[in-house]
Amino acid sequence: MTPIRNTHEQWGSIQRTFHWGIVLLVLIQLIFGFVIYSVGGKGAPEVARFWHPSLGITIGALMLLRLGWRLANPIPETPRDIVPSMQGISKFTHYGLYALLILQPLVGYVLVSAFGHSPEWFGVAMPPIVGKSPHIAHVFGYMHGAIAFLILGFLALHIMGALQHELVLRDNVLPRMLPGLAMTPERQARQEGDTVDLRNAVRTWVRRDNVTPSKRAG
Ligand code: HEM
Ligand code: HEM
């Protein structure tokens, strides 16, 4: 059974629920955002104009709770076979996603305030944090669009990293974040193994998957 709290080996059920719940909300949020973008702010369908700020504020609040939970818990160790530069990219991507998904709702909130409206969270009017200002709206509107593309870029890096762990290195990194899936002893052993050269791992992977057993026997 997955423990509630994180351990040094795996993410706990709370952190996994935060992870996959927020993945779902961010995907819906990006779709609503680009619908609003493609039809131009005011002409956007009511459903997007209602859900986008409400979901966005929810994502920001969940990210803050998630950050608190992460700081109060141990973090699973990085597999030993990951070279320091890759570890650096992985950390940078995780911190980046936290920063962007906390910043983006704030920028959206300022944007709606600068349009001269009260941002609404599921029908509840929240206090605007700046007065009506076309100049601030222009700058923050630009930032909101740019941050959305940064989020997409960080997500692409992040997903490539997850796929590399799962398909090439075959360690425990994906199973220890998936809901309910336990880590296998075989993968755990590989995770604790000595440093391996990534190029060698890719070569082994290509050989294993592209050669049929009959060819291998021959
Ligand atoms: C993680 C949270 C969020 C993401 C990923 C996100 C993403 C996006 C994207 C991709 C767009 C279209 C690009 C653009 O027009 O700039 C957009 C537009 C917009 N978003 Fe967000 N957003 C988030 C949170 C929020 C929040 C919390 C609010 C308000 C409280 C908000 C208000 C708006 C508004 C008003 C627009 C239309 C901008 C315009 O008409 O120029 N967003 N958002
Ligand atoms: C909106 C989409 C996503 C966001 C914002 C996100 C964010 C994060 C963050 C911040 C972490 C660091 C751990 C933490 O503090 O919770 C993490 C870990 C992880 N994510 Fe994602 N993620 C997203 C999508 C995905 C997808 C689609 C996959 C799989 C293909 C994935 C696989 C993983 C894995 C395997 C870990 C664990 C890394 C480790 O144990 O070292 N994530 N994610």
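Leaving aside residues up to four places away in sequence, Ile-57 touches Pro-105 and Trp-121, where contact means C-beta atoms, placed from the backbone, within 7 Å. The model is a predicted one, in which local features need pLDDT of at least 70, side-chain atom pairs count only at pLDDT 80 or more, and totals for chains, interfaces and linings use all residues. Residues are numbered from 1 along each chain as its sequence is written, while chains are lettered from A and ligands numbered from 1 in the order in which they are written.

Ile-57 sits in helix α2 (residues 46–71); helices are DSSP runs of H or I with at least four residues, numbered from the N terminus. Ile-57 counts as buried because 20 other C-beta atoms lie within 10 Å, the cut-off being 20 or more. Phe-122 is 65 residues from Ile-57 in sequence, yet their C-alpha atoms are 9.7 Å apart.

The axes, lines fitted to C-alpha atoms over the stretch in contact, with angles from 0 to 180 degrees between N-to-C directions, compare as follows.

| Item | α1 with α2 |
|---|---|
| Axis approach | within 9 Å |
| Crossing angle | roughly 150° |

The two helices are therefore roughly antiparallel, a term for angles over 145 degrees.

Finally, ligand 2 has 19 residues around it, and Val-23, Val-26, His-94, Ala-162 and Met-177 come nearest; the shell takes residues with a C-beta atom, placed from the backbone, within 6 Å. Two or more residues each come from α1 (13–39), α3 (84–114) and α4 (134–169), and α1 gives the most, with five.

Methods: A residue is buried if 20 or more other C-beta atoms lie within 10 Å of its own, exposed if 12 or fewer, and partly exposed in between; C-beta atoms are placed from the backbone. Two residues are in contact if their C-beta atoms, placed from the backbone, lie within 7 Å. Angles under 35 degrees count as roughly parallel, over 145 as roughly antiparallel, 65 to 115 as roughly perpendicular and the rest as oblique.
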